[in-house]
Amino acid sequence: MKTILSVSEPVAARPHAAPPSPPRHAPPSSPPSSKKGRGKLIAILITLLALGALSVFAWKKFKPAAKPAATPARNAGAGIPVTGIKLHAIPFTESISANGTLRAEESVEIQTEVNGKIAAINFTEGQRVKAGDVLVKIDDSSLQANLRRAQSRRELAGFREQRLARLVEEGGVSKQDYDEARGELSVLDAEADFIRADIKKTEIRAPFDGVAGIRFVSVGAYVNPAARIATLQGITHLKVDFSVPERYAPRVKPGDPIRFTVAGSKQTYTGEVYAVEPRIDVSTRSVLLRAICRNLDGSLLPGTFARVQYTVQQSEASLLVPAISILAGLEERHVFVEREGKARRVKVVTGARTNTQVQIVEGLKEGDVVLTSGVQQLRDGAVIRVKLTE
């Protein structure tokens, strides 16, 4: 018989022995409070996911659509906002402001042509005189004596010429002697005429109707041709001299009206251009004009400064646009007009210009709407929204 030895050891003495595993089909048990916390967490996650999905759905459904390019067909209220004016033909007067000077219609310095002593002064200062009046008389006593002597010699020469004329017919003297006598008679006639001319020069007469000025000599004074005696001014009419820029030279003409004012008077005077200088002043690039005005009461004086308004052009119907609407190029000028809701660039020909407006000669017609704001940024064909202004 075999003998089987059996040795029993305690479980604790086996360090390498694994504890028995619980059955796989039995889940580990948890406390009740842990189960409730996990349920709440899952509920929160589900709620957050639901809210996110709803937000994405709402954004896709209600997000604003992208704005398309503004066109008249899609959006009638779209377009660049601008202002404009509607053109109407109105009366227009183009005038030029210029500085002028009043001048006497006729003016002269009263002077003598011969040397001598003043024998008489026949005018008072400021007196109106008539043409032909003797204003000053120079002593002519020596000239009168010379004239009487010349007349006596001429009388004797005349008798001698008559005697020789009879003798030459009878053959008593030669023809040469008679010719010499006739020559001497002619010389003496010329000498007498010369003296009479000098005597006439001793009477200083008024060459035209006018007003005598202040005199600078007295009776008894010795004068010569360089001496200043007085002035004579014809002021019934006055000349108005003024200049305009050379660009207006082809348009000025005699008969054009002017208006002018002078310092110290509120009255506006009128005149008419009667002469145009036929050349341009190269230093000022202007042309000189001369007008005439009435001055029957003598209220205007020669030498007065005048502020002249010269009317270059008058038109009953002109188209005017604001100067800011003009686009100036090197050789052409343009404006923008509104046509069928769009800005259109139009070439124009300009005329007269004022401080704020420009006359349009060609390119526009009455009723056109000219754009006045934002024209520098506009392009031809741009869609616009116009607000009309006065």
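Which residues of α3 are buried? Before answering, please note that the model is a predicted one.

**First stop: helix α3**

Select residues 175-201, which make up helix α3. This helix has 27 residues and reaches 40 Å from its first C-alpha to its last, close to the 39 Å expected at 1.5 Å a residue. Now colour its buried residues: Tyr178, Ala181, Leu185, Leu188, Ala192, Ile195, Asp198 and Ile199. An α-helix has 3.6 residues a turn, so residues three or four places apart point the same way. Next, display strand β5, helix α2 (141-170) and strand β6, against which the buried residues of α3 pack.

Remain with the two helices and select Arg154 and Asp189. These residues form a salt bridge, with the closest N and O atoms 2.4 Å apart. The pair links distant parts of the chain, since Arg154 lies in helix α2 and Asp189 in helix α3, 35 residues apart. Arg154 counts as partly exposed because its relative accessibility is 31%. Asp189 is likewise partly exposed, at 27% relative accessibility.

**Second stop: a sheet of four strands**

Select β6, β5, β3 and β8. In that order these four strands form an open sheet, and their pairing is antiparallel. Why is one side of β6 and of β8 left without a neighbour in the sheet? Both strands, β6 (203-205) and β8 (222-223), stand at the edges and have a single partner strand each, so one side of each has no neighbour there.

Look next at the pairing of β5 (residues 134-138) with β6. Three bridges join these antiparallel strands. Within this pairing, Lys137 has Glu203 of β6 as its bridge partner.

Show the side chains of Lys137, Asp140, Glu203 and Arg205. Asp140 and Lys137 meet in a salt bridge of 3.1 Å, N to O, and both of these residues are buried. Glu203 and Arg205 meet in another salt bridge, at 2.8 Å, N to O. Glu203 is partly exposed, with a relative accessible area of 29%, and Arg205 is partly exposed at 43% relative accessibility. Salt bridges that share partners join these four residues, Lys137, Asp140, Glu203 and Arg205, into one network. In total, the structure holds 17 salt bridges.

Select Thr112, in the loop between β2 and β3 (116-121). Is Thr112 buried or exposed? With a relative accessible area of 3%, Thr112 is buried. A polar atom of its side chain lies 3.0 Å from the backbone oxygen of Val114. Beyond its sequence neighbours, Thr112 touches several residues, including Ile138, Lys201, Ile204 and Val223.

Select Val240, Phe242, Val244, Ile258, Phe260 and Tyr310. Of the 25 residues in the largest nonpolar core, these touch the most other members. The elements giving two or more residues to this core are β2 (90-110), β9 (230-245), β10 (257-262), β11 (269-276), β12 (286-294) and β13 (305-322). Which element provides the largest share of this core? That share, five residues, comes from β9.

Centre the view on Phe260. Not counting residues up to four places away in sequence, Phe260 touches a number of residues, among them Leu102, Val240, Tyr269, Cys293, Leu300 and Val308. A second, separate core has 18 residues and includes Val129, Ile138, Ile204 and Ala212.

Follow β9 to its pairing with β12. Nine bridges join these two strands, which run antiparallel, and Val244 has Val287 as its bridge partner in β12. β12 also pairs with β11 in the antiparallel sense, over four bridges. Here Val276 stands opposite Leu289 in β12.

**Last stop: His334**

Finally, select His334, which is found in strand β15 (residues 333-339). His334 is buried, with a relative accessible area of 14%. Its side chain and that of Glu332 are joined by a polar contact of 3.4 Å. Leaving aside residues up to four places away in sequence, His334 touches Ser325, Ile326, Leu327, Arg345, Val346, Lys347 and Val348.

Technical notes. Residues are numbered from 1 along each chain as its sequence is written. This is a predicted model: local features need pLDDT of at least 70, side-chain atom pairs count only at pLDDT 80 or more; totals for chains, interfaces and linings use all residues. Side-chain values use heavy atoms; hydrogens and water are left out. A nonpolar core is a set of buried Ala, Val, Leu, Ile, Met, Phe, Trp, Tyr and Cys residues joined through side-chain atoms within 4.5 Å. Buried means under 20% relative accessible area, exposed over 50%, partly exposed in between (1.4 Å probe, protein chains only). Contact means heavy atoms within 4.5 Å. A polar contact is a pair of N or O atoms within 3.5 Å; within protein, one must be able to donate a hydrogen and the other to accept it, and residues adjacent in sequence count only if both atoms are side-chain atoms. Two strands pair if DSSP finds at least two bridges between them. The expected span of a helix is 1.5 Å times one less than its number of residues.
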